[in-house]
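Here are some quick notes from my pass through this one. Have the viewer open while you read.

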Amino acid sequence: MHSIRPLPAASPHVRRFPKTFSLRRKVPWWHQVLDPGSEIVTRWNFIFLVTSLLTLFLDPLYFFLPVIGGPACMEIDYNLSIVVTVFRTIADLFHLLHMIMKFQTAFVAPSSRVFGRGELVMDRSAIAARYLKSNFIIDLAATLPLPQIVIWFVIPALKTRTADYANHTISLIVFIQYVPRFFVIFPLHRQIIKTSGAIAKTAWAGAAYNLVLYILASHIFGASWYVLSIQRQHQCWSIECSKERNATRSPSCNPTFLDCSSLNNPERRFWLSVTKVLTNCDAQNDDYFQFGLFADAFTNDVASSNIIEKYFYCLWWGLRNLSSYGQNLATSTFMGEILFSILICLAGLVLFSHLIGNMQNYLQSTTARLEEWRVKRRDTEEWMRHRQLPPELQERVRRFVQYKWISTRGVDEESILRSLPLDTRRDIQRHLCLALVRRVPFFEQMDNQLLDAICERLVSSLNTKETYIVREGDPVNEMLFIIRGQLESSTTNGGRSGFFNSITLRPGDFCGEELLTWALMPTSSLNLPSSTRTVKSLTEVEAFALRAEDLKFVASQFKRLHSKKLQHAFRYYSHQWRTWGACFLQVAWRRYMRRKKEMELARQEDNYHGHVWDQEFSYWDGSNADYKDDGAGRSSVDKAQQLGATILASKFAANTRRGIQQKADATTLQMPKLFKPEEPDFSTDQEDS
């Protein structure tokens, strides 16, 4: 025998299996080329949009770094700079991830956009080349952490590290980088609308989005106003300081005195006791220097307050002036101040008309259906007055319009369903109707395929109180399956006198069963069947209706509907068949009682005749004993008289019985003949086969 040697542990064949299986594993998304319309890209775009808005909110916080730290001195708030730097670094990481996502996201070839969405380019080199030529520079400029570098590396390395110089540098860097960060949002906004259809899915979300953008603009202008106010104050100090240096005074002003790092300098303390910088640069006194629209920052002690109070005051300032288009601004002749006021006026006009206008449109869309209903109701009222409808009919129309609005809120369900694909429409109809249809006992006998076909063709039906759905003798054009409410179904059997039958239909019942019998007939004509009952709503009724053409289609396509089991279930739950059965039993019972009375009268008559004959025979025997000696002529005469009396008594009894029977028939209500409903066709019975 040949022995089988096992493979060694270090065999290369054994090592290859994990590599083979690794090819079948799912590749992570960061190693894939992503579809721009995929769920992960769409979700990331929404996340990055929120992050970009937060970044636009964070950058103006750098404008709050310069503060008035003492009399005639300015400093940088490094505690605030640490907090802003941390959050700004996190936001920069999101920008870096967005750039990486763009290198992994395919694009649609421009030459394939003739029809449909076009073909995706999945080549990584082509994707990278296209991105480097288009938006890479803007994204890179928006991603670089320039403010962090300037605050923590550039400014500390300089020899002149005054707060004024740091303020100018940081403000300039933030303003320069704010432009690419602002332009990053536009292509992102277009991409989200292209893949998702809209930024906001609901009207309230859209209104909140536009309101956030308006508040963001107010935040930017408020922060800009604050930093310009600080710079305007420092400009006044610099002007007065230069005047003192030019004058032959001792001690003269040193520009370093305007920085709070020199607060403990003895020379500065001595200079501060004799200088006129504080009095000449007082915002409440415009005789020496005009602060214009920046005066509120110092008269209200905004520059020296804490960050929370400072921020909300500046936000309120920007919101107030944007909403009023800068009409409350009192400017000086300073050119920068005038340009800033013009920018506020134009920005307020554009933002208020666009963002607040969009927010108003979003909010109005929530009540658009209500306004349409009000207009329709007003048109209905005018039409009824023009046609001079009676008050009762007008009230019925108002009640129906009101009930339909409460039930549907003005939504046309049929048009929405018709616009959907067939499979989606079938699933929706099954979700909406199947549980309610199964409440109808007749439908419990059907299989799922037949129920799906019926649910697909059911339409909602609303009826107000005391509405005639169908009258006796009118053509039946739909079957009605009750979901809520009550109906009264009555019949006079074709208007015959002395006949009336009425029943109450409740949830789970149905009416219009004549239509099912008509649809099951293989040779049914184009004429619809006539209703044998009058159906009237007792309360507001919600039901599903199955139209004649839809029922005929279902009956022709699904032979299962012809089975005897369904036919018997239909007759059992059909109120028309129940009425016929009840009337048939009543007629049979009355016929039985009448025959019973006839038999009883016949028995009594027989007993009566038997008793009369017994008396006659006993009398005949006694007469023979007493009158034996009479002649033959007298006996024959007596026999003839007795026979005549017997005949007369028999006729009298017959007439009496006939009179009693006629009287009983006259007092009994005659049940009119009730025709049996048409039998459905049992010729095609697949259940037995």
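1. In which strand does Ser537 have its place? The answer is strand S11. Keep in mind that this is a predicted model.

2. On burial, Ser537 has 0% relative accessibility, and since buried means under 20%, that residue counts as buried.

3. Now for what surrounds that serine. A polar atom of the Ser537 side chain sits 2.8 Å from the backbone nitrogen of Thr467. Setting aside neighbours within four places in sequence, Ser537 is in contact with Thr464, Lys465, Glu466 and Thr467, and also with Gln486 and Leu487.

4. Next, the strand pairing. S11 covers residues 534–537 and runs antiparallel to S6, with two bridges joining them.

5. Zooming out, S6 and S11 belong to an open sheet of four strands, ordered S6-S11-S8-S9, with antiparallel pairing. Strand S6 (468–470) and strand S9 (501–505) are the edge strands, each pairing on one side only. From one strand to the next, the twist averages 25°.

6. How many cavities of 30 Å³ or more does the count give? It comes to four. The largest cavity has a volume of about 70 Å³. Its lining is made up of 13 residues, and those closest to the centre are Cys511, Gly512, Glu513, Arg533 and Val535.

Key
Residues numbered from 1 in each chain as written. Predicted model: local features only at pLDDT ≥ 70, side-chain atom pairs only at ≥ 80, totals over all residues. Heavy atoms only, no water. Pairing = 2+ DSSP bridges. Axes fitted to C-alpha atoms, helices over the stretch in contact; angles between N-to-C directions. Buried < 20%, exposed > 50% of the residue type's maximum accessible area, 1.4 Å probe, protein only. Polar contact = N/O pair within 3.5 Å; in protein donor to acceptor, adjacent residues only side chain to side chain. Contact = heavy atoms within 4.5 Å. 1 Å grid on protein atoms, 1.4 Å probe; cavity = no way out; pocket = protein on both sides within 12 Å on 5 of 7 lines; lining within 4 Å. Points joined across faces, edges and corners; volume = space filled by probe spheres on them.
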